[in-house]
Amino acid sequence: MNLTLEALRILDTIDRKGSFGAAAVALDRVPSALTYSVRKLEDDLDVLLFDRRGHRAKLTPAGEELLEEGRRLLRAADELEQRVKRTATGCEVELRIVLDALIPFERMLPLIEEFDREDFGTRLRFSTEVLSGTWERLLVGEADLAIGLSFEGPDLVRSSGNFRVKPLGEMEWVFAVAPAHPLATMPEPLEASVVQQYRAVVTGDSGRNLPTLNSGLLSGQPTLTVPTVRDKLIAQVAGLGCGHLPRKWAQPFIDSGILIEKQTTETKPEGPPQYAWRADTRGKSLKWFLNKLANPDVQRQLLGA
């Protein structure tokens with residue numbers, strides 16, 4: 001008798017139930033059939049798998065070793081079976097979603113909870129990138145859906161026809177500094193030549209191969225590069241630099257006087273955030289997310305304060 005998944009399931013059930021008789025009931029088999037299968041396996045392997053001297057079927061050290069590894073195989077086989085079934089029903093085994101730093105992960109939590117109630121059985125894998133890095137994940141096939149994309153994307157996106165891109169909603173930006181920052185008391189609008197003298201807080205572009213994007217940064221301006229938009233907000237509140245922030249993020253700090261809004265003549269970040277996906281992807285889970293992302297209420301939830 002070769003070592004089969006059926007044999008491993010028999011061993012697993014006997015160990016969990018404590019006896020051949022109880023395992024036979026659980027497996028809807030006669031006890032003699034289980035006894036024969038185990039003895040045949042012991043003969044083939046030339047090892048003793050169960051110590052039969054007591055009332056309870058107890059594994060020998062060799063049996064414990066076999067079952068420990070065997071249970072891993074059983075779990076893998078069960079998972080493979082479920083994956084095949086999900087694929088047959090049109091549901092992806094896994095959906096990879098990359099968020100731009102404009103979209104903090106916690107804003108996705110209500111959507112994830114709602115998605116779970118649909119019981120698609122699809123694993124969700126989230127990652128976060130910044131600027132061109134978000135596009136890059138989609139282009140190289142490491143993401144199925146990208147949310148919060150800045151700008152229209154590389155030429156490859158616009159010309160290939162392999163991707164679909166839609167606006168996620170409008171985002172207003174505001175130039176803000178801490179009250180103690182030198183720019184806070186200067187007359188408005190601030191000229192670019194004036195702003196250029198002071199350090200800008202910028203989120204670092206995480207792209208590796210695409211051209212680096214620098215939103216709202218003046219040529220030659222000193223920078224403090226931080227990982228996320230939230231970190232940028234914190235740094236500007238601390239007076240460590242200046243720059244544009246999403247208004248909905250900055251407004252509470254402006255209202256309380258922690259930040260000062262300033263009018264400028266410099267270029268502001270342009271274009272609404274977007275979401276994009278590969279045109280050849282048709283899984284049910286992706287379609288569910290695309291339907292939700294088209295909802296203005298969901299868009300406001302993702303882009304809100």
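Rings of Phe, Tyr and Trp (its six-membered ring) are paired if their centres lie within 6.5 Å; planes under 30 degrees apart count as stacked, over 60 as edge-to-face and the rest as tilted. The model is predicted: local features need pLDDT of at least 70 and side-chain atom pairs count only at pLDDT 80 or more, while totals for chains, interfaces and linings use all residues. Residues are numbered from 1 along each chain as its sequence is written, and side-chain values use heavy atoms, with hydrogens and water left out.

**View 1. An aromatic cluster formed by Phe 115, Phe 120, Trp 288 and Phe 289.** Trp 288 is buried at 11% relative accessible area (buried means under 20% relative accessible area, exposed over 50%, partly exposed in between; 1.4 Å probe, protein chains only). Phe 289 is also buried, at 0%.

**View 2. The aromatic pair of Phe 20 and Phe 50.** The structure holds seven aromatic pairs. In the pair shown here, Phe 20 and Phe 50 are edge-to-face, at 5.6 Å centre to centre and 65° between the planes. Phe 20 belongs to helix α2 (residues 20-27) and Phe 50 to strand β1 (residues 50-51), so the contact ties together parts that are 30 residues apart in sequence. Helices (H or I, at least four residues) and strands (E, at least two) are DSSP runs, numbered from the N terminus. Phe 20 is buried at 15% relative accessibility, and Phe 50 is buried at 1%.

**View 3. Salt bridge between Arg 16 and Asp 12.** A salt bridge is a side-chain nitrogen of Lys or Arg within 4 Å of a carboxyl oxygen of Asp or Glu; the whole structure contains 17. Arg 16 and Asp 12 meet at 3.0 Å, N to O. Both residues lie in helix α1 (residues 5-17), four residues apart, or about one helical turn. Arg 16 is partly exposed at 48%, whereas Asp 12 is buried at 12%. A network of salt bridges links Asp 12, Asp 15, Arg 16 and Arg 71.

**View 4. Salt bridge between Arg 247 and Glu 172.** The closest N and O atoms of this pair are 2.8 Å apart. Arg 247 lies in helix α10 (residues 247-255) and Glu 172 in the loop between β6 (163-167) and β7 (173-177), so the pair ties together parts that are 75 residues apart in sequence. Arg 247 is buried, with a relative accessible area of 18%.
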